[in-house]
Amino acid sequence: MDDWKDFKRVFLTLASPGSFWLLVFFIIPMAFLFVLSFSSKAIVNGETSTTAYDYFNTFGNYIASAGTSYLVLLWRAIWTSAVATFVCLVLAYPLALAVCFAAPKWRPILLLLLILPFWINLLIRTYALYSIFRSTGVVNQAMGLIGLGPYEMLNNTSAVIMGLVYVYLPFMVLPLYSTIEKLDRSYLEASLDLGASQARTFWSVTWPLTLPGVITGIILVYIPCLGTFLTSDILGGPNNWTIGNAIQNQFLEANNWPFGAALSFILLYATFIALVIRALIAGRSKGVDA
Amino acid sequence: MNAALKSGQGPLEYARRPWIIILFGLVLVFLYAPIASLIVFSFNVDKSGVWHGFTVMNYVKSWHNDAIFQALTNSITIAILSTVFSTIFGAMTALTLWRFRFPFKNIYEGFVALPIVVPEICMGISLAMFFNYTGMMAGVRDWIWPFNLINIIFAHIAFCFPFVAVVVRARLQGFNRQLEEASKDLGATELQTFTNVLVPFMVPSLVAGGLLAFTLSLDDFVITLFSSGPGSVTFPVKIYGMVKRGVDMQINAASTVLIAITLAATLIAMKLQSPSKSGH
Amino acid sequence: MSAPIVSIKNLTRRYPGGVTAVDNVSIDIAQNEFFALLGPSGCGKTTLLRMISGLDTPTEGQIFIGGEDMALTPPNLRPTNMVFQSYAVFPHMTVQDNVSYGLRVTGVAADETKRRTAEALEMVKLSHLAARKPDQMSGGQRQRVALARALVKRPKVLLLDEPLSALDAKLRDDMRLELTRLQETVGITFIIVTHDQDEALSMASRIAVMNKGAVEQIATPAELYEQPRNRFVADFIGKVNLIEASVLKQSGKKVSCLTQGLGKIDVSTDKTCGDKATVAIRPEKLKISTVEPKGAGIIKSRATVRDVAYYGDTSHIVADAADGLNLHINVQNNTRTGGAGVDRGQKIWVHFNPTDALLLTE
């Protein structure tokens, strides 16, 4: 690696576009959002203004966010995301294991089959799920043929979780695959050879050695689930809104931007806490890097 | 799980365990059945969940539906432009991080990775406020196409280029700098070395990163929703509006077209990428 | 021979796609033997070892271990333990935990586990490193962990897959002695897989030479070297001059044949020959002389020295004899002066005693 001082012009040329973009279209807007979360709408001539704000004058937005209804939304985001992530993990681990231990010529095809949906538009996938599970959808029609239903399968928490699993499963498969693929299988063989059962081998050797991939997968799934907005909106309906929907609502409908900003930062903090927990766990476990 | 082994099958052949094969099959059905049904029903004559006959009218209608057509054109234009810029910026950022030591590098790296981890909705509303506050939201509204999409493009570049940077940097990590030295030893200038040695080495990651940026851009709904003005609707935003009004087979038809475009782009990029993988 | 501890009967391993890694192999291995599976890479020796351990299963045939057919018994239920080529020492466990692993997972009592682990560590002289993690250890140390981890289980058979291949030359020599010593101390049957003939010859009491999935010969090291059964074994074990010959006549054990470059040779053999055969002679059994050698019954030929390579204790000479025959000759450098005493291009006599030559028919 070279010292930037030895190649100032090259360094500055290479570094500027990214830095500029990051500053103008990410850091400044986020900073602005941060400021706004401590602000309130200005009172101009005795009326609440729609465009002017009094900056840094209140913690009121955060206090208001602590109101029960919003805490419920945050809590719902936290636990539905947790369940969805767990389901993804339980499904993806055996699948990734199967892909890694399949015959070499099959591996790329099997992997592609599992992650191909990732390339299809998220909204289209959510819509596809919505249209087959709606009360007049294919699933209910099929059940009608054997005299069941129709059932209301959408607009509940399970539908949201199913949607999240559907959308984010590839995110769990990929890091697990790359970790398990790098795992030297003679570790597993040694464990079996030394008398451990398959289950014991899994918990004593495979799992701890692939933990970094598991953690990466959990983060890759959990974080976008936490801020989800489409899935809960389309599949869950208003009763199953999470904090993402609340933020959107404050901006597009209730028009209370400072409050929306505060909710956003609460979501952001929750995200960062998840990242910190990951860093702490990853720092302690010694496995195969994802 | 101490059952006897099967003849010709070792204890680690998980891919041949019946329960894993069944699980694999069920997951594939779960992943593909909704999409398959979406495509099949795009040819259905009505919008019920029952097959009432084959038609291509949904395609014809959505082709002539100016709003859908415009949204699709917008989406693809935005995706292409933001892919070009994010690939360039991402590659430059990756080169910076790979090549140089500089003060506060760790912090800089952290900032570059931030758009990847920050929830889309947070980034979306911060950009919405930024564009509103600076007047850019209103300012570009009446600009001639495609300049009226410029806010969306700027926003897309901001969240796409860090992904490209990550992909390219991972590739650069595997570069043997002795190749650079060899090139200079053979008389090439710094610039010739860059274009003849380093750039060809980076190509697979540029393709992969570019493809990722293209998909992310085409896929994005949340950030686009917030950074688009009323006149500049993209395909996902348009579909969202239509879905909120109920199921419509025109959505299926247009979605099928978009699925075909993305899958074609993905497969082409994979083909392009595979012969040059030898540089690993 | 008492009842074999491992008895392999007509074992075959075919892979989907038509590759036959092990082809109808039968071997009996006695209690307490140090047995080597030797062969070039891809000859099926590792597959055979893995089938004995249970990490792979045969498509046909039986594997009796201690009298019981275990061909399809899962590896965790077999009385065999393996030292892996990569050692496979668990990176997330300390040395102590690695060695005790096999006892802990099979429910051996805690105090016994502790005692046996300590003994095993003592045996491989690693007691002082018990708390270390594998990434803080050298290759040689990790191998000792792998050995202790397998031996602590007191298996009936210890399987070693190319155990020395990842070590550097000096360490390899030490480890070779160490393994022989360990085998004598613990009194367990060792089966070692190797592609290195020196390793097999110096350590094993018996060797199976494998080629293309089949066993070519099973014999003691000396037998393999002096009485190879066929051309493959002769060529694979040590250096050999293989000289094409056509059989003129056979009467009982006496065979007269006309060789390429060396004229008519009479050798004795137990086998019945066809028209063609090969005369094999080891390089150290060829002698050189600058004057015509004398002696009853010796075979001699004129040759020109093409190349001389000096190795300190010996010199290797390549000489061109008549008929395009190349002869490889090893000469002891018995004096401090002169080396082999011949130079490139020099005309010499090459001679040998026909009893040192061997007739190969396969």
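In chain C, 63% of the contacts with a separation of 6 or more are between residues 24 or more positions apart.

Q: What are the ipTM and pTM of the model, and what pLDDT does chain C average?
A: The structure is a predicted model. The model scores ipTM 0.85 and pTM 0.85. In chain C, 99% of the residues score at least 70, and the average pLDDT is 90.

Q: How many helices and strands does chain C have?
A: The C-alpha atoms of chain C fill a box of roughly 75 × 50 × 40 Å along the principal axes. Of the 362 residues in chain C, 41% are buried. The secondary structure of this chain comes to 8 helices and 20 strands.

Q: Which residue of β9(C) stands opposite C:Ala36?
A: β3(C) runs parallel to strand β8 (residues 189-194) of chain C, joined by 5 bridges, and C:Leu38 stands opposite C:Thr194 there. β3(C) also runs parallel to strand β9 (residues 206-211) of chain C, with 4 bridges. In β9(C), the residue opposite C:Ala36 is C:Ile207.

Q: Which residue in the hairpin of β1(C) and β2(C) takes a positive phi?
A: Strand β1 (residues 6-14) and strand β2 (residues 20-29) of chain C run antiparallel and are joined by 6 bridges. One pair of bridge partners is C:Leu11 and C:Val25. The hairpin has 5 residues between the strands, and the residue with a positive phi, near 105°, is C:Gly17.

Q: Which residue of β4(C) is the bridge partner of C:Ser7?
A: β1(C) also pairs with strand β4 (residues 60-65) of chain C, in the antiparallel sense and over 5 bridges. Within β4(C), the partner of C:Ser7 is C:Phe64.

Q: Which strands stand at the edges of the open sheet of 5 strands in chain C?
A: The sheet has antiparallel pairing and the order β13-β12-β11-β14-β20. Each edge strand has a single partner strand, so one side of each is left without a neighbour in the sheet; these strands are β13 (263-268) and β20 (358-360).

Q: What is the average twist from one strand to the next in this sheet, and which residue of β20(C) stands opposite C:Thr278?
A: From one strand to the next, the twist averages 40°. Strand β14 (residues 276-281) of chain C pairs with β20(C) in the antiparallel sense, over 3 bridges. In β20(C), the residue opposite C:Thr278 is C:Leu360.

Q: Which helix gives the most to the side of chain B that touches chain A?
A: The contact takes 72 residues from chain A and 70 residues from chain B. On the chain B side, 54 are nonpolar, 11 polar and 5 charged. The element that gives the most to this side, with 11 residues, is helix α1 (residues 18-41) of chain B.

Q: Which residue of β1(B) is the bridge partner of A:Asp2?
A: Strand β1 (residues 2-3) of chain A and strand β1 (residues 100-101) of chain B run parallel, joined by 2 bridges. The bridge partner of A:Asp2 is B:Phe100.

Technical notes. Residues are numbered from 1 along each chain as its sequence is written. Chains are lettered from A and ligands numbered from 1 in the order in which they are written. This is a predicted model: local features need pLDDT of at least 70, side-chain atom pairs count only at pLDDT 80 or more; totals for chains, interfaces and linings use all residues. Two residues are in contact if their C-beta atoms, placed from the backbone, lie within 7 Å. Ala, Val, Leu, Ile, Met, Phe, Trp, Tyr, Cys and Pro count as nonpolar, Asp, Glu, Lys and Arg as charged, and the others, Gly among them, as polar. Two strands pair if DSSP finds at least two bridges between them. A residue is buried if 20 or more other C-beta atoms lie within 10 Å of its own, exposed if 12 or fewer, and partly exposed in between; C-beta atoms are placed from the backbone. pLDDT is the predictor's confidence in each residue, from 0 to 100. Axes are lines fitted to C-alpha atoms, for helices over the stretch in contact, and angles run from 0 to 180 degrees between N-to-C directions.
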